[in-house]
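Hello,

Here is the structure I promised to pass on. My notes follow below.

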Amino acid sequence: MHPIIKLVVQRIALGLLLLLAVSVVIFLGVEMLPGDTAQAILGQSATAESLANLRESLGLNQNAPTRYFKWLGHALQGDLGKALTNQQDIAHAIGQRLGNTLFLAVCAGVIAVPLAIALGLIAARYNGRWPDKVISGVTLATISLPEFVAAYFVIYLLTQVIPILQPVSMVFPGMGFFEKLHAVALPVIVLVMVVLAHMMRMTRAAILNVMQSAYIETAELKGLSPMQVIWRHALPNAVAPIISVVVINLAYLVVGVVVVEVVFSYNALGQYLVDHVAKRDLPVVQAVGIIFAAVYIGLNILADLIGIIANPRLRHPK
Amino acid sequence: MADLLTIKNLRIEATAYPPGEAPKHLVLVDDVSVSVQKGRVLGLIGESGAGKSTIGLAAMSYGRGGVRLTGGQVLLNGRDIRTADASGLRSLRGREVTYVAQSAAAAFNPAKRLMAQVIETCLLHRLMTKEQAEARAVELFAKLGLPNPETFGQRYPHQVSGGQLQRAMTAMALCPKPDLVIFDEPTTALDVTTQIDVLAAIKEAIRDTGVAAIYITHDLAVVAQVADDILVLRHGKAVEYGATDQIISAPVQDYTQALVSVRSIDHAEKTDATPILRATGITARYRGTDFDVLQDITVDVAAGQTLAIVGESGSGKSTLARVITGLLPARAGQITFDGRTLSPDLATRSKDDLRQVQMIYQMADTAMNPRQTVGTIIGRPLEFYFGLKGEAKRARVQELLDQIEMGAGFENRYPAELSGGQKQRVCIARALAAKPKLILCDEVTSALDPLVADGILKLLLNLQAQEGVAYLFITHDLATVKAIADKIAVMYRGKVVRYGQKSDVLAPPFDDYTDLLLSSVPEMKTGWLESVLKTRKMASAGN
């Protein structure tokens, strides 16, 4: 078997194993919370008898391993259970919100990743000179602002000073693509500001690291211009570290943007999770937790694989 | 005939920024004048730091790091390139002048196929179409003796050997049909048996294409084979400049005479004595591989004597040292030391067994902790093995520093403040501090200039006479072997192909490999290359 295929299979198998381990951790974490689901449902009206009855009907009187495997068995078939607070099917509720989450993340990623890499290349090209200082300074400033401050600043600027956008980003099923784009413009701007600096600085650092190599001197002595040297000779050798940072930021765009969702009243997965943590809706917390873990693990496997494929030593063994 | 390149009164300066000190102003090259005519080869020779590479790169108006060309003229095809602007320089680099680096392995981009890199210059300067450039590259691959020239370019740098990469780099330099090629130590990193073939290929390519060249090396015997004229440099100044024949047969300056004279160490071979180390039937492989790097190796090191292990890279020399130290436990075979059997694995050896066998490495730089002083570095084994502390330790460190001929004051210095030779001396003192009966020396003089290396070898011989320590001396350099060995083992592809007293091993009749090895050592006379290529019995391996 080609070593690359072997590696891909290995990584995916490891990823699945990791996801299984994460599901145990999430299950145990939820178990450790004080009280249980029955208590959460009945609240203050709970009597010893009603609690026992409800536990019986929810299957909570079984031991933890049995419940875990039951839950796992259902989850594997796509059945994530019902939310306790409103009896909605969790898989259905998540499906729609996951779509919104991914839409926002993809919009932000499509702008932020190329922009960050381009800025990183320019900063590396003019290392230590003014374009580098300006780019580093501005991106550092945007990453230093807390997300909600950046969000309110952008809202003030683009709805009050220059009123071209709406301060809330409500999206509904049935909205057209461009309507949706218009609706998410503000949160996208904020998210781009938040993730730009990390990717840009890593690109710059990875390129500058490669620029120390002897083959860069070879390229300069061929008469290539500085930008040609960076683009043709430095970038192909800096792919792996850049990709790994890009992926961390993409994962963040999916799982870590609850503050921005709340500020813009954007109906997505993060807000859904936080709402149900507050309401002690444990099946929902479990389900969203697993989805977030799957996104993180999946994207990191992807980064690993791209890093491996970018290495000609692995692609073309001796 | 008009000069292609004329360098007049060239001065090159740099500013160094030592941490915590005021910036230092350095003059790297001072008042050097030299010229190259069309189709001629100029050899630049000198020790490291003599300014050879700096002058070579000045012909492309290129300065590494903060190096600046501050005075004089560099006239290429009649115009002064010292004053050219960035775009003017880009248009001459790669088109009029090209460069072949010392380490082709590092100078090729690992992420791109060889063909793309070889023809890049031709396409960049729009000298030919892609098809023409590829056809020319294939032609050059064939001329330089590369295997399968049609498909060679489809490979990545890691897929070909060091010798092949060096030829590919030469092809890359010749592809755009430049007027001048700078060869910067193109064969220094190669094995002696590979060097001879690459040298011959380069020489032929220069002759066939009629290109002019500057050939930079520290090895006068090598440059004598290819150069028409030689400029000898020392500390950035020209020492002697003349035709090759005159420089090697009738040098005028003292320094040139010292370079030309063959090594002066005279070491009478000691006869066989009781072995201190006996390796019997050693077979070893690296974890996760299914190939025996060492196959049934049996050698002895006599107490107080030197066994030299000679061979090219990949022959298993250093692996043998790793097996003896226990870093790589052998799969089969036995190591006896001082009459008792050593455990194959380092982890299960006693502290005294560890003390008895010490190592000195090729790169003294990386073998020392840069944040420790010389005193701490040498003091560490004293503390570890003998429990010496305070005044007793300090006195012993001083004694060791005296033994390596580095007087007082050095114990407070850091490795970065020492020269290459001094660093290697400190490593020797550290090994000696453990009072070992055997020191494994792995290419300890390979990274040093010839005159400095001679000093180290003399020191090692003196220490052997004083302390009675035995050496297992690993090297690829036959001159070093002749200088220091009592016994010699020639290794080739994981096997010992010839083994015995020095006088026997170096006397005919030879086996094919030893003959190849001995005949590949460049001799300081013109025409040596051609004569030896005619009489070789065996093609060199691995290239």
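Two strands count as paired if DSSP finds at least two bridges between them. Helices (H or I, at least four residues) and strands (E, at least two) are DSSP runs, numbered from the N terminus. This is a predicted model: local features need pLDDT of at least 70, side-chain atom pairs count only at pLDDT 80 or more, and totals for chains, interfaces and linings use all residues. Residues are numbered from 1 along each chain as its sequence is written, while chains are lettered from A and ligands numbered from 1 in the order in which they are written.

The sheet. In chain B, four strands make an open, antiparallel sheet, ordered E12-E11-E14-E15. Strand E12 (294-302) and strand E15 (340-341) of chain B are its edges, each pairing on one side only. Strand E14 (332-337) of chain B joins E15(B) over two bridges. There, Thr336(B) sits opposite Thr341(B). Helix H13 (317-325) of chain B packs on the sheet, touching strand E11 (275-284), E12 and E14 of chain B. Contact means C-beta atoms, placed from the backbone, within 7 Å.

The chain contact. Chain B puts 24 residues in contact with 16 residues of chain A. Helices H2 (86-92), H3 (104-107) and H5 (120-124) of chain B each give two or more residues to that side of chain B. H5(B) gives the most, with three.

The domains. Chain B is assigned domain 1 (39-46 + 82-260) and domain 2 (275-509); the bounds come from an automatic or database domain assignment. Their C-alpha centres lie 35 Å apart. Each domain of chain B gives four residues to the contact between them.

Best wishes

Methods. Two residues are in contact if their C-beta atoms, placed from the backbone, lie within 7 Å. Axes are lines fitted to C-alpha atoms, for helices over the stretch in contact, and angles run from 0 to 180 degrees between N-to-C directions.
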